[in-house]
Amino acid sequence: MKIGVIGGGAWGTALAQVAAQGAAPVILWAREPEVVHSINHHHVNELFLSSVPLSPTITATDDLDALRAVDAVLVVAPAQHVRAVLSATDFGSTPLVLCAKGIEAGTRMLVGEVAREAQPNAPIAVLSGPTFAHEVAAGLPTAVTLACEDAALGVALAERLAAPTFRTYASDDVIGAEIGGAVKNVLAIGCGVVEGARLGQNARSALIARGFAEMTRFGLARGARAETMAGLSGLGDLVLTCSSTSSRNFSLGVGLGEGRSARELLSDRRTVAEGAFTAPVLRDAAAEAGIDMPVCEAVCALLDGAPVGDVIGALLSRPLREERG
Ligand SMILES: NC(=O)C1=CN([C@@H]2O[C@H](COP(=O)(O)OP(=O)(O)OC[C@H]3O[C@@H](n4cnc5c(N)ncnc54)[C@H](OP(=O)(O)O)[C@@H]3O)[C@@H](O)[C@H]2O)C=CC1
Ligand SMILES: O=C(CO)COP(=O)(O)O
């Protein structure tokens with residue numbers, strides 16, 4: 001199975017490196033000419049993943065049509081750009097494996113819904129889990145969920161993408177896998193704020209647990225299964241991203257907690273912090289569906305510049321309630 005990758009960021013590059021452990025060569029589409037040049041001439045992605053030498057069987061291209069000849073395409077552009085890249089060419093019935101974690105602003109669609117609209121004939125799968133790109137690319141042990149409604153295709157993709165240190169678990173809960181990855185980015189910003197404002201380890205654990213309750217409520221309302229929310233793509237990724245400055249979302253939160261503005265923090269970086277885009281969309285989608293998501297609302301307020309003390313005070317002074325759900 002020949003694999004194509006859309007997106008020359010850290011995660012697209014790391015997944016290309018995993019896929020290159022199979023027999024067939026891998027082709028990666030990148031928007032940035034310097035990424036294409038760096039991969040083809042120096043076998044490294046200087047811009048987004050300079051720490052890891054890449055397999056020489058990975059070829060980069062700036063021509064999206066070059067990916068029409070592959071057997072499966074990993075879609076690893078940031079969530080807000082997936083529609084544009086998938087609308088630029090016709091992948092026919094080539095399976096698309098969605099690896100971005102977010103919800104589209106404006107439409108409030110999950111990436112899978114966007115992909116179905118842009119490429120109606122392509123079967124859809126989702127790859128998600130606790131996966132810092134630099135660790136995956138360095139060959140450190142990692143496990144992911146690979147969700148696909150077509151069980152046979154899901155197993156074929158899970159087998160093709162598995163590698164000695166990259167373990168894939170097949171699932172048919174596509175919505176669940178997507179929601180875990182999108183929501184955890186928002187919660188990671190909140191945990192970063194706790195760190196930046198020095199609110200302590202108790203507060204961070206409470207936020208992870210109550211945030212997980214929010215993620216599960218939102219997921220179940222959208223048809224996800226509870227076991228998926230508690231698995232690699234939900235709780236697993238939440239714990240990872242909420243406890244490490246390797247997370248761009250967590251480190252964005254640290255900056256907010258230290259009193260810097262979201263605008264300043266986001267203008268400083270070239271890499272993507274998906275939670276900043278997903279947070280307001282998630283808040284609005286939850287409000288419309290009548291789903292209580294106070295942590296998510298708090299993160300939105302912090303991104304909008306509300307003082308940390310006021311936001312935390314408001315969270316803590318809500319009426320007491322039973323822990324259930
Ligand atoms: N980094 C990680 O550890 C992980 C990331 N993810 C998810 O993968 C997705 C991609 O993240 P990541 O690889 O880290 O990104 P990076 O922050 O490393 O790189 C930015 C990416 O955004 C792309 N990009 C920027 N602007 C556009 C645009 N207008 N159109 C298309 N692409 C654009 C860049 O493409 P180009 O190079 O072509 O310019 C590049 O691929 C996100 O949804 C993220 O949540 C999931 C798991 C792990
Ligand atoms: O999704 C990730 C790890 O699973 C990467 O998290 P960040 O985007 O916050 O860096």
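Helices (H or I, at least four residues) and strands (E, at least two) are DSSP runs, which I numbered from the N terminus.

**Entry 1: basis.** I worked on a predicted model, in which local features need pLDDT of at least 70, side-chain atom pairs count only at pLDDT 80 or more, and totals for chains, interfaces and linings use all residues. Residues are numbered from 1 along each chain as its sequence is written, while chains are lettered from A and ligands numbered from 1 in the order in which they are written.

**Entry 2: domains.** I read the bounds from the domain assignment, which is automatic or from a database: domain 1 is 3-172 and domain 2 is 180-316. Their centres, taken over C-alpha atoms, are separated by 25 Å. The contact (C-beta atoms, placed from the backbone, within 7 Å) takes 21 residues from domain 1 and 21 residues from domain 2. On the domain 1 side, β7 (142-148) and β8 (166-171) are the elements giving two or more residues, and β7 gives the most, with three.

**Entry 3: ligand 1.** I counted a residue as near a ligand if its C-beta atom, placed from the backbone, lies within 6 Å of it. Ligand 1 is surrounded by 28 residues, the closest being Gly-8, Gly-9, Trp-11, Arg-31 and Thr-271. Two or more shell residues come from each of α1 (10-19) and α3 (82-86), and α1 gives the most, with three. Why does ligand 1 lie between domain 1 and domain 2? Both domains give residues to the shell around ligand 1, so ligand 1 lies between them.

**Entry 4: ligand 2.** I found 13 residues around ligand 2, with Thr-131, Asp-237, Ser-247, Arg-248 and Asn-249 the closest. At least two shell residues are supplied by each of α7 (174-196), α10 (232-241) and α11 (248-257); α10 has the largest share, three residues. Domain 1 and domain 2 each contribute at least three residues to the shell around ligand 2.

Notes: Two residues are in contact if their C-beta atoms, placed from the backbone, lie within 7 Å.
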